[in-house]
Amino acid sequence: MGETYSKVGIISCSGEEIPEGTIARQAVRRVLEALRPQDTVTLCLPLFLAGEEGERRFAREHPTITVDGCLKLCAKQGTEKYSGKVNTSLVVSDILGDSAKGCCRSTRHTNQANDKAVWLVAERIASEVDALARSVRVEPGNASAEDGACCACSKPSQGGKLEINGTAVTISGLPLIFDHLKKKGLQPGSGSGDTLLQNVKVYHAIEPEQEAAYRNALASAYQTYCGQTSQCDLGG
Amino acid sequence: MADHRQAKKTLVIPCSGVGKVHGLISREAVYHVTDKLLPGNADTACLALLVTGDDETKRKVQQTPCVTVDGCPKLCAFKNVELSGGKVAKGIRVYDVMKRHRGANFGTATALSDEGWTVVEELAAEAAQVARQAD
């Protein structure tokens, strides 16, 4: 028996161009939701490039199964390029053969062929999860999502707190917004308020009469954020 | 009826996020554009192929105006197209349309509700409008 892991990671290709991509995605969802919910976790493949070190640790922290729609093996190659070696590589077209031909890309027009294909692939993934769990010792339900790398869109964005007119308000994703704007070169100070407000309004409803209070609170919080992160930068 | 009178070939690329309903909405919005609104004048590309550096997909993205549709603040579609040397005519965020339907149940990452499909159609209309204007 090898090391102990919290969960098996499953990464699907996105496969937008072909029905097999949709089947890969749907089958992974079925394993996560219904077949092995306690034992599995996922990550969006494009996050390896768009994300940061946390996302890139994924395959180093989880024994990983990749599910590709076609023989280009994007999920396998992308995972191995940016994260770590995968334990099992599955290919939808290998599993289904010609029976994928009757399937559609959109779930809006899903048909019997799609349903059958998704079940077949999902059951194959589940059996590979079981095999992997036996070989590397996966302890189900032993870890929360926060214990390791997992999909950014599977968990709430880290929030940031502001005080608006005496009331504490949590804004989902505020540290991400600050980080993004800092990287774009936004300087802290009262001049940053308008830009901060425009960006935060995308993700958080703000009544017009509260905009001034938000503008000031955001500028102040951003100044604090930049001061803290600059110290971290200097600290290496 | 599909309207592709003014459209030139545009790539519409979703993030296809697998963790939440937002990713499925982005993906379905793209299919609504390519299959219903602008068939023959809009196409999509596998984002995963772009991530792995596939030359043909990179070329396609570099030579064609792109519209990206992203489900979460990580903006995977937008960033990966830009990193590949592509030009994003517009980066659309699913949340911007969802917030017009505050409080609605949009479905799950596996299946959309009627309200989820409404968001899909609104996003697709926005993407198609950009595609019609893109060179």
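A residue is described as buried when its relative accessible area is under 20%. In the predicted model examined here, 58% of the 135 residues of chain B count as buried by this criterion. The accessible surface of chain B amounts to about 5500 Å², and carbon and sulfur atoms contribute 47% of that area.

The secondary structure of chain B consists of six helices and four strands.

Two cavities of 30 Å³ or more were found. The largest cavity has a volume of about 80 Å³ and is lined by 14 residues. Nearest its centre lie A:S12, A:C13 and A:S14 from chain A, together with B:S16 and B:V18 from chain B. By class, the lining of the largest cavity comprises seven nonpolar, five polar and two charged residues.

The second largest cavity has a volume of about 60 Å³. Ten residues line this cavity, and those closest to its centre are A:C44 from chain A and B:C15, B:G17, B:C72 and B:C76 from chain B. The lining of the second largest cavity contains six nonpolar residues, three polar residues and one charged residue.

Definitions and conventions: Residues are numbered from 1 along each chain as its sequence is written. Chains are lettered from A and ligands numbered from 1 in the order in which they are written. This is a predicted model: local features need pLDDT of at least 70, side-chain atom pairs count only at pLDDT 80 or more; totals for chains, interfaces and linings use all residues. Side-chain values use heavy atoms; hydrogens and water are left out. On a 1 Å grid over the protein atoms alone, a cavity is a set of points where a 1.4 Å probe fits but cannot get out, and a pocket is an open set with protein on both sides within 12 Å along at least five of seven lines; lining residues have an atom within 4 Å of a point. Grid points are joined across faces, edges and corners, and a volume is the space filled by probe spheres set on the points. Ala, Val, Leu, Ile, Met, Phe, Trp, Tyr, Cys and Pro count as nonpolar, Asp, Glu, Lys and Arg as charged, and the others, Gly among them, as polar. Helices (H or I, at least four residues) and strands (E, at least two) are DSSP runs, numbered from the N terminus. Buried means under 20% relative accessible area, exposed over 50%, partly exposed in between (1.4 Å probe, protein chains only). Accessible areas come from the Shrake-Rupley method with a 1.4 Å probe; for residues, only the protein chains shown count as cover.
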